[in-house]
Amino acid sequence: MAFMNTLAVHIENLSFRYPGQNHPLFNQFNLDIGSGERFGLFGPNGAGKTTLMHLMTGLLPYMSGEISLLGKKVRPHDKTINPLFGFVPQDFSFYQELSPVENLEFFGAWSGLSKSAIRKRMTELFFTLGLEEVRNKQVRKFSGGMKRRLNLSIAVLHEPQILFLDEPTVGVDVQTRHAIMDYLKELNKKGTTLIYTSHQLREAEDLCEKIALIDEGRIIAHDHLNTLLTSHTQDGLEGLYISLTGKSYRD
Amino acid sequence: MFKLWATIKKDFRLLVRDRAGLLSMFVMPIILVMVITSVQNSTFELVNNNKIGLLICNRDTGEAGQQLIGAIEKIGMFRLVTDKEKIGEDQMAEAMHDKDVKLAIGIPEDFSARISAKAKQVSAQALKGLGLPEEEGDSSGISPSPVTLYFHPVLQPSFRQSVRGVLNSTLQLVESKYIVNDLYFRIHEKDIPDSLDNQILNNQVPIREVAAGRNGSSHIPNATQHNVPAWTIFAMFFIVVSLGGSVVREKQNGSFLRLKTLPTHFQLALLSKQIVYISVTLLQATVIFSIGVWIFPYMGLPELHIPGDFIALLLVTLVCGWCAASFAILIGVFAETQEQANGFGSVSIVILAAIGGLLVPSFAMPASFSIPMKISPLHWCLESYYGLFLEDGRLKDIIVNILSLLAITMLMQIIIFIGLKRKNLI
């Protein structure tokens with residue numbers, strides 16, 4: 001918990017526009033996320049949640065402003081910040097033709113781990129996330145839940161201080177969802193900052209202490225979840241969400 | 001080094017689990033080389049070893065027609081099928097079909113009479129020119145009746161041209177014989193002796209064929225020496241189906257995206273892919289050349305003669321492999337779907353092979369293709385291999401081709417880098 005007092009993420013005057021679009025998605029955007037927080041980022045489709053995650057992880061280059069992770073600037077993207085974070089993308093971003101062992105061997109090496117460290121972490125993760133029995137089987141034949149757990153295990157292999165989670169439980173059954181949520185809380189207890197986005201609002205209520213609601217690239221609410229619920233006289237995140245973003249389609 | 005090794009292991013595993021890719025990289029090219037070499041070898045043997053069937057319909061009433069047939073027979077290129085029934089012009093096509101021949105010659109009825117008249121005219125003019133007394137001499141122009149060459153529509157123009165050349169030379173021979181006979185008769189007032197008459201027909205200046213290879217080599221090229229290197233290059237570039245598809249899959253499934261979030265530079269991924277697939281191309285060349293050396297003789301095909309400069313052969317194969325891998329990655333970077341990569345990749349290789357001289361020899365291509373040909377990397381691969389396999393050249397003889405190939409490869413590497421940057425993958 002040595003980094004509890006520093007900011008995990010500091011975003012200042014961020015501007016970003018997709019090529020070919022007239023209006024910037026983010027304009028003078030500011031956000032701070034403290035270390036060790038379980039932070040939820042919510043908003044309708046197209047609000048900019050995934051884009052913001054990609055900007056924070058250096059996957060997308062921003063036009064102006066500044067983003068830093070644990071005090072280190074994201075740009076210029078020279079990979080020095082990469083060991084600080086793990087990223088669980090929405091897609092199954094691994095090799096379906098390989099087994100979990102082969103995937104973790106490869107991604108572990110790319111994360112900068114030694115052969116023995118990879119082996120040690122692999123054993124821990126496969127045990128914790130229930131992949132022990134299928135560790136040598138081709139991922140292609142796995143269920144959606146097993147693939148989600150593998151997607152997560154690759155991101156946490158190098159024990160990052162910040163974990164970005166983009167819809168980490170889409171399409172999984174209740175058991176897998178609980179297993180993933182329990183594991184994430186466990187990680188957070190050990191000091192990992194969780195930055196999470198999802199449309200599963202009940203799950204989000206259970207996981208997140210602080211949230212930010214964004215819409216069209218702007219923050220429309222940002223505080224502790226309980227504070228926001230009280231101030232908007234709502235008893236759940238879904239009610240708060242609808243009261244702030246409306247009921248009309250956004251995509 | 002551990003990162004590179006782990007990446008190579010990953011790429012190797014992906015490769016061996018891609019059965020369709022392996023099939024397109026190894027099985028298909030081997031079948032292609034065997035089939036095309038066999039087909040071209042049979043064409044080669046048809047022209048050089050087997051005699052081509054030639055139907056002759058001699059309607060001539062004199063001796064010249066028979067002498068022409070004798071002269072054609074002496075060339076040894078044709079298996080003569082003589083028509084005894086003297087069929088008419090309109091029946092020739094049917095007769096060719098019945099006798100299963102692709103060529104036929106019709107000698108007209110007045111062939112001897114016309115040749116004789118032409119000979120008399122020429123000899124009279126020759127004697128007049130020498131100031132010797134001349135006898136009769138028809139001053140009006142005598143044009144010999146045409147000898148008709150019938151050909152099956154499947155025969156290629158170049159082949160028809162060569163048959164026509166053969167026919168012209170035999171006709172000249174017969175015409176010359178008649179002129180000399182007539183001159184002899186006019187001067188000596190008696191017929192030419194048989195021994196002298198035979199010399200005109202038989203004692204032609206012989207032609208010696210020498211393959212002008214480099215460094216004193218004079219190996220006669222054959223279908224194997226032509227086809228094995230050419231189709232090996234084709235096979236190398238067909239790694240686009242596996243490698244291009246693999247790059248697209250990694251882009252689509254987000255693996256590239258995840259790699260970007262890890263503290264390792266993406267160039268390592270490209271380096272690993274190139275190492276793995278250059279190894280594949282080396283293996284392809286080794287397998288195909290080995291088949292040429294050890295299996296072809298059992299199939300009745302000429303054995304592949306491996307060039308003497310082994311270092312040059314290895315270098316050319318390496319550079320060709322690198323170029324093929326770069327091309328495949330280039331396609332993979334710009335293609336949006338696997339179907340695009342496979343379709344565009346395969347078709348573009350066939351086009352590059354065509355303009356590069358793999359399908360039609362480069363010297364036979366139209367002048368307008370001279371620039372596109374130089375852009376095709378397959379052209380430089382082929383020129384390098386031909387320099388070694390057909391001309392028995394050394395490294396110094398093909399270094400310009402290798403440098404050109406390297407320049408194209410470097411250009412592709414630059415475009416790959418720009419493409420990855422623009423697509424925000426690095």
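Predicted model: local features only at pLDDT ≥ 70, side-chain atom pairs only at ≥ 80, totals over all residues.
**Close-up views of chain B**

Figure 1. Chain B contains 16 helices and four strands. Its radius of gyration is 31 Å, whereas a compact globule of 426 residues would come near 22 Å. Along the principal axes, the C-alpha atoms of chain B occupy a box of roughly 105 × 45 × 40 Å. Of the 426 residues in chain B, 38% are buried. Contacts between residues at least 6 apart in sequence are made up, to 79%, of pairs at least 24 apart.

**Figure 2. The two assigned domains of chain B.** Domain 1 takes in residues 2-44 and 223-422, and domain 2 covers residues 51-202. The centres of domain 1 and domain 2 of chain B, taken over C-alpha atoms, lie 53 Å apart.

Figure 3. Helix α5(B) runs over residues 111-130. At 1.5 Å a residue, its 20 residues should span 28 Å, and the 29 Å between its end C-alpha atoms therefore agrees with that expectation. The buried residues of the helix are B:F111, B:S112, B:I115, B:S116, B:A119, B:K120, B:S123 and B:A124. An α-helix has 3.6 residues a turn, so residues three or four places apart point the same way. Just after the helix, B:G131 adopts a positive phi of about 80°.

**Figure 4. The setting of B:G244 in helix α9.** Helix α9 of chain B comprises residues 240-252 and includes B:G244. B:G244 counts as buried because 27 C-beta neighbours lie inside 10 Å, the threshold being 20 or more. Beyond its neighbours within four places in sequence, B:G244 contacts B:A328, B:I331, B:G332, B:A335, B:A341 and B:G345. B:Q338 is 94 residues from B:G244 in sequence, yet the two C-alpha atoms are 7.8 Å apart.

**Figure 5. The side of chain B that touches chain A.** Here 21 residues of chain B are in contact with 24 residues of chain A. Helices α1 (2-16) and α10 (255-260) of chain B each supply at least two residues of this side. The largest share, seven residues, comes from α1(B). By class, the side of chain B that touches chain A consists of seven nonpolar, eight polar and six charged residues.

Notes. Residues numbered from 1 in each chain as written. Chains lettered and ligands numbered in written order. Rg over C-alpha atoms; globule rule 2.2 N^0.38 Å. Buried ≥ 20, exposed ≤ 12 C-beta atoms within 10 Å, placed from the backbone. Contact = placed C-beta atoms within 7 Å. Domains from an automatic or database assignment. Expected span 1.5 Å × (residues − 1). Nonpolar A, V, L, I, M, F, W, Y, C, P; charged D, E, K, R; others polar.
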